[in-house]
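Keep the structure open while you read.

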Amino acid sequence: MSLLHILSLARKEFLALMRDKRSRIIIIVPPIVQLFIFGFAATYDLDDVPVAVYNADSGGASRELLARIEGSPHFSILHRIDSDAGVAPLIDDRQVLLVIRFDPRFSADLQRGDPAPLQVIIDGRNSNTAMTALNYLREVVLDFNRQWQREHGLTGPPVKLEMRAWYNENLQSRWFIVPGIIGSLILVVTLLVTALSVAREREQGTFDQLLVTPLRPTELLVGKAIPGIVIGLLEASLIIVLMVWFFEVPLRGSIPALYLGILLFLVSTVGVGLMISSIAVTQQQAILGAFLFIVPAVILSGFTTPIANMPEVVQWLTYLNPLRYFLVIVRGVTLEGDGFALLLPQFWPMVLIGAVTLAMAGWLFRHRMY
Amino acid sequence: MNDRLRRLLGMIRKESLQILRDPSSISIAFVMPVVLLLLFGYGVSLDAKRIPLGIVIEQPDTASQSLAGAFDRSEFFHPQRFDAIQGAQQALAERRIDGILWLRNDFSSRLFSGNEAPIGVFVNGVDSNQANITKGYIQGTWLAWLQHFAAAQGRDLDLPVDMLQRVWFNPALNSRLFLVPGLIAIIMTMIGSLLTAMVVAREWERGTMEALMVTPLYMGEMLAGKLIPYFALGMGGMLVSVAMALFLFDVPLLSPFWLLMACSALFMLVSLAIGLLISIVTRNQFLAGQVALVVSFLPSFLLSGFLFDIHSMPEWVQTITYLVPARYFVAILQTLFLAGPVWPVVLPNAGAMLLMLVILTLLVAKKSYKRLD
């Protein structure tokens, strides 16, 4: 292996990527822009859920509970209705997510010490939003109950729950999603850079010329891999700085462990990209292959929905996905304060994926000719 | 007129032959939706089941066993017992369990002496959404046990305000019912823009564009001739996806089928037009493929309201979501499948897609001309 060979091929690859202004832009600008937009957009937390109230009760208790609901940042009461007929149009047309209905006897029941029913009708079209909103509302009602019991000398339930969340103490979605965006963006960029690199030369016929140069297949492989890894490392660093400074996600664990994770992740995705590229005959096939890898890799990585909820067979498939391991590493280092020891089980599968895909790509360079 | 039709048909025929001879377009249109919908329909779920939960019982007795038993019987939990909190905390740090329920050694004595007996609950908050769901399930199991316990003691558990919830359209809160229609929108966005992103760029790159230019074909005819076969292909993929949603994932369709297909056709046209515009502007397959990937997948996944509630995003991000066609289609699909033909939802969203289509067509017309640069 000659260093000079590798470096001159890497130089040529960089030039091919960066010479064209438009392709420079497509590699650099979208990840940064997307980090900002998605970082703000992707949250499961709900603010100002639109609510309608149907209050048939004239007592003070319902007004007190309503004031609490209105005081919560999660809800804003937009409509007041005075009949059951008003409920359906508001929910059907998505003007409100939920309707709260007080019985005429609500305050009277409460004063008498009978359970006072509070009816909630909610739009379940997005079941996760519905469940989150119901959880917020339940917290408000539990708080109200506790205060009512204290003020009226009633005994509360004999057991109480003291809940605490570890690592993400205020349960902010953003702390969970933003580290995940890093992984997805790096994956997209490295695959874009590598997946077309061989296919383009094949389609233009210059790959045959590369094969007759004194470059050995290993040198060819390393030279083709370098641009993806270098660009990935630079972008990852930039995105991490933005994540910590701008989105205020903590960085509690070992930074060397994080960088080892990034490097191994890049090696494995570059390997996948080069393998796709050397299987493809045309650029269209390479782009299709990249798509077919990126989309499942992002969706089945635990980025937005947990792997534990997937059926067993799909869970096995996720073991082939480098993003799966990388996400555990980023979240482990940022939120949980992990070091090398706890992350070891995430490192070696990426090494394995990288080794297998790179070896495949190198073999295909010479054995797939048209 | 007759000539024009003949030219158009000729172009359609050429494009169709090209599709048939390169299997990659057909696999984009038919294999991709089937594979992706199978994977995601089963794989993407927000319904937590069998959450690994550590239960620490410092002093086993009837009361603590009965509370732990309630968690054992729940389908939402997969409990593991620990004698001491240290072991459970170690397991939580190693991600072997997602939460801890901690019954201290004075639990029973405080429970029966009328003092409030506290239970410590720790959840791994990294995935805040799952943590919230876990908290909700723990609360629910706890409340049910309390009622059971009070009844066994011959008392009523008096809650001052009793919240009764009714969930419309999806009473079981099954996340698959809204995720599958949303996934159809995302998969179709990608397929639509991928199908056409390469087709004009390819002609430029291979030099066949010049050959097309010297034919009597008008630019509009050429574009229509390219669009029509891909539209048929895309709608075929759409039909397959809808059939899978209905028969495989048991998503109910509460609206007339023609309405669903009409909205889908509109959306498919918008996606194809985006791909075509990318193709015309870039004139380069490498770039066209990259742009199509960047503008279609992640934006439609994260900004369409498919997973994340648009209403809760900051104002400026909400403004950006108006540019994402999947936003309108997701709203239409979730309503058409689960709620029925609600015109106040369908019409504005369909209108927005129509507007996008008009603007895109004008842009395509402006950017495409028979000239060599």
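A residue is called buried when its relative accessible area is under 20%, exposed when over 50%, and partly exposed in between, with a 1.4 Å probe and protein chains only. This is a predicted model, so local features need pLDDT of at least 70 and side-chain atom pairs count only at pLDDT 80 or more, while totals for chains, interfaces and linings use all residues. Residues are numbered from 1 along each chain as its sequence is written, chains are lettered from A and ligands numbered from 1 in the order in which they are written, and side-chain values use heavy atoms, with hydrogens and water left out.

Start with B:Asp250, which counts as exposed at 57% relative accessibility. B:Asp250 sits in the loop between α10 and α11 (257-282) of chain B, where helices (H or I, at least four residues) and strands (E, at least two) are DSSP runs numbered from the N terminus. Its phi is positive, about 55°, although it is not a glycine.

A:Leu171 is another non-glycine with a positive phi, this time about 50°. Is A:Leu171 buried or exposed? It is buried, with a relative accessible area of 9%. A:Leu171 belongs to the loop between β5 (159-166) and α7 of chain A.

Here are these two residues side by side.

| Residue | Phi | Relative accessible area |
|---|---|---|
| A:Leu171 | about 50° | 9% |
| B:Asp250 | about 55° | 57% |

**Across to chain B**

A:Leu171 also turns up as a partner of B:Asn132: leaving aside neighbours within four places in sequence, B:Asn132 is in contact (heavy atoms within 4.5 Å) with A:Asn135 and A:Leu171. B:Asn132 is part of helix α6 of chain B. Its C-alpha atom is 43 Å from that of B:Leu277, 145 residues apart along the chain.

B:Pro229 is found in helix α10 (residues 219-247) of chain B and is buried, with a relative accessible area of 9%. Which residues does B:Pro229 touch, not counting those up to four places away in sequence? The answer is B:Ile12, B:Glu15, B:Ser16 and B:Ile19.

Helix α8 (residues 199-206) of chain B is mostly covered, with 6 of its 8 residues buried. Those buried residues are B:Val199, B:Val200, B:Ala201, B:Arg202, B:Glu203 and B:Trp204. After α8(B) comes B:Gly207, with a positive phi near 80°.

**Chain A as a whole**

Chain A has 14 helices and 5 strands. Its radius of gyration is 28 Å, whereas a compact globule of 370 residues would have one near 21 Å; the value is taken over C-alpha atoms, and the globule rule is 2.2 Å times the number of residues to the power 0.38. Taken along the principal axes, the C-alpha atoms of chain A fill a box of roughly 95 × 45 × 40 Å. Of the 370 residues in chain A, 59% are buried. Among contacts in chain A with a separation of 6 or more, 79% are between residues 24 or more positions apart.

**Empty space**

Rolling a probe the size of a water molecule over the atoms shows where empty space is left. On a 1 Å grid over the protein atoms alone, a cavity is a set of points where a 1.4 Å probe fits but cannot get out, and a pocket is an open set with protein on both sides within 12 Å along at least five of seven lines; lining residues have an atom within 4 Å of a point. Grid points are joined across faces, edges and corners, and a volume is the space filled by probe spheres set on the points.

The count comes to 4 cavities of 30 Å³ or more, and the largest cavity has a volume of about 70 Å³. Helices α2 (21-41) and α7 (173-204) of chain A are the elements that give two or more residues to its lining.

The largest pocket holds about 1,300 Å³ of space. Its lining has 41 residues, with A:Ile307, A:Ala308, A:Arg324, B:Arg95 and B:Asp98 nearest its centre. The largest share of that lining, 6 residues, comes from α13(A).
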